[in-house]
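Open the model in your viewer and have the selection panel ready.

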Amino acid sequence: MSAPATEPRRWQRFTPWERALRSTFYVAALVAIVWSIETIEIIPEFLADAPQQTADLFARMWPIDWAWYPKVVHPALMETLHTATLGTLAAVAVASLVALMVARNITRSRVLNAAGRFILVATRSVHALVWALFFVAVFGPGALAGTAAIAVHSIGFTGKFLSEAIEEVRPGPIEALTATGASPLAILLKGYWPQVKPAFLAIAIFRWDINVRESAVLGLVGGGGLGMALDTALSNLYWDQAGLVLFVIFVVVIATEVVTAWIRSRII
């Protein structure tokens, strides 16, 4: 008597439950897109006219008023670079202490871990422009407000990645130093720092690159630098001067990207 034929097994990439979840997600995403388009009230006539308006705007910016560079743009550029540099240095100093609080292989207290994570989340969850508005209200318009905004906003980013780098160190050197009776400071400097140093420098340089871009626009809300020069040109409808500022911002961003990429390739 022959055995009953068995139905061949059919391979499926997703289970019925997974397919239902994926379909629900796609439908929810489509609903969100349609709802967003209706909420922001996109006017088709404005979209159709956008290419012509863009071409007209760039035509007004040309030729660029190069005579305005030594008078206003160069000092604003230096102010932007100084704002980014000082803000990054202040952020790295504070973020290093917070990272030690967050790293669980250094700080065993859950209370300190939670406090450190709260600082990291709170500082990076608010955009730099919002921090600039806050510090402009505190210090008044100028580079000081922009520097403070850059510093506070950078603490969360820098501290998060630095704490992760500290938690990923090899435990061997730490255990060897501990066995010899080394002090906590010696363990930190001789055990942790040599392993964390490349990541620390790479994070600091990468954050400075980001801060140069952000500080270039903080002047739009009173944070000084190139943004303030751009805001002045736009307010007075000096399109040739606005074109100069935009060109300088573009060149500075490209230059800092190239320089920081080269430095990071040498460090890592």
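Start by selecting α4 and α6: α4 passes α6 in a left-handed crossing. In this predicted model, α4 covers residues 110–125 and α6 covers residues 143–167. Their axes come within 6 Å and cross at roughly 140 degrees.

Next, show the side chains where the two helices meet. On α4, pick R117, I119, L120, T123 and R124. On α6, pick V152, H153, I155, G156, F157, G159, K160 and E167. What classes of residue make up the contact of α4 with α6? Colour by class and you will find five nonpolar, four polar and four charged residues.

To see the lining, select S96, L100, L162, I166, L188, L189, Y192, W193, V196 and F200. Which element supplies the largest share of the lining of the largest pocket? Highlight α8, and there is your answer: six residues come from this helix.

Finally, colour the pocket lining by class, as you did for the helix contact. Nine of the lining residues are nonpolar and one is polar, with no charged residues.

Notes. Residues numbered from 1 in each chain as written. Predicted model: local features only at pLDDT ≥ 70, side-chain atom pairs only at ≥ 80, totals over all residues. Heavy atoms only, no water. Axes fitted to C-alpha atoms, helices over the stretch in contact; angles between N-to-C directions. Helix = DSSP H or I, 4+ residues; strand = E, 2+ residues; numbered from the N terminus. Left-handed = near helix turned anticlockwise from the far one by under 90°. Contact = heavy atoms within 4.5 Å. Nonpolar A, V, L, I, M, F, W, Y, C, P; charged D, E, K, R; others polar. 1 Å grid on protein atoms, 1.4 Å probe; cavity = no way out; pocket = protein on both sides within 12 Å on 5 of 7 lines; lining within 4 Å.
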